Amino acid sequence: MVKEIILNNTLIKVNSYEQRTVSHLHEISVDFEVTSKEYHEITTLLYQGTFDIKVPERDLSFRGTIKQYSTSIANLYEEGQIGDYSLTMLEVKN
């Protein structure tokens, strides 16, 4: 099982990973936890919308954009909070 992905040089440890091909393009879906300590960094990263995506355990890398995104908690500013994030990204055609 894939345990981590890299978005724009930021390592993210994932709890689940799915990989598909959609119209000859890579699509991946991941679930991961974000702590209140990581919240600002991860949120700022995700607002970029398009990323250089690497999946080292699958020797996979591509440019992709967010297709679907959700979180279990909207405000992680309170110390000690943990949110569950779900993210699906689709490869961008060159």
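These legends accompany several close-up views of a predicted model. Local features need pLDDT of at least 70 and side-chain atom pairs count only at pLDDT 80 or more, whereas totals for chains, interfaces and linings use all residues. Residues are numbered from 1 along each chain as its sequence is written, and side-chain values use heavy atoms, with hydrogens and water left out.

**View 1. The largest nonpolar core has 24 residues.** Within this core, Ile5, Leu7, Tyr17 and Phe32 touch the most other members. At least two core residues come from each of β1 (4-7), β4 (25-35), α1 (39-46), β5 (50-55), β6 (60-71) and β7 (82-91). A nonpolar core here is a set of buried Ala, Val, Leu, Ile, Met, Phe, Trp, Tyr and Cys residues joined through side-chain atoms within 4.5 Å. Buried means under 20% relative accessible area, exposed means over 50%, and partly exposed lies in between (1.4 Å probe, protein chains only). Helices (H or I, at least four residues) and strands (E, at least two) are DSSP runs, numbered from the N terminus. In soluble globular proteins, nonpolar side chains tend to be buried together.

**View 2. Here are the neighbours of tyrosine 17.** Leaving aside residues up to four places away in sequence, Tyr17 touches Val2, Ile5, Ile28, Ser29, Val30, Val55, Arg58 and Leu60. Contact means heavy atoms within 4.5 Å.

**View 3. Histidine 26 sits in strand β4.** Its relative accessibility is 26%, so histidine 26 counts as partly exposed. Not counting residues up to four places away in sequence, histidine 26 touches Gln19, Arg20, Leu60, Phe62, Met89, Leu90 and Glu91. Threonine 10 is 16 residues from histidine 26 in sequence, and their C-alpha atoms are 20 Å apart.

**View 4. A network of salt bridges links Glu18, Arg20, Glu27 and Lys67.** A salt bridge is a side-chain nitrogen of Lys or Arg within 4 Å of a carboxyl oxygen of Asp or Glu. Glutamate 18 pairs with arginine 20, with closest N and O atoms 3.1 Å apart. Arginine 20, partly exposed with a relative accessible area of 29%, also forms a salt bridge with glutamate 27 (2.8 Å, N to O).

**View 5. Glutamate 27 and lysine 67 form a salt bridge, their closest N and O atoms 2.7 Å apart.** This pair links distant parts of the chain, 40 residues apart, with glutamate 27 in strand β4 and lysine 67 in strand β6. Glutamate 27 is buried, at 4% relative accessibility, whereas lysine 67 is exposed, at 52%. The whole structure holds five salt bridges.
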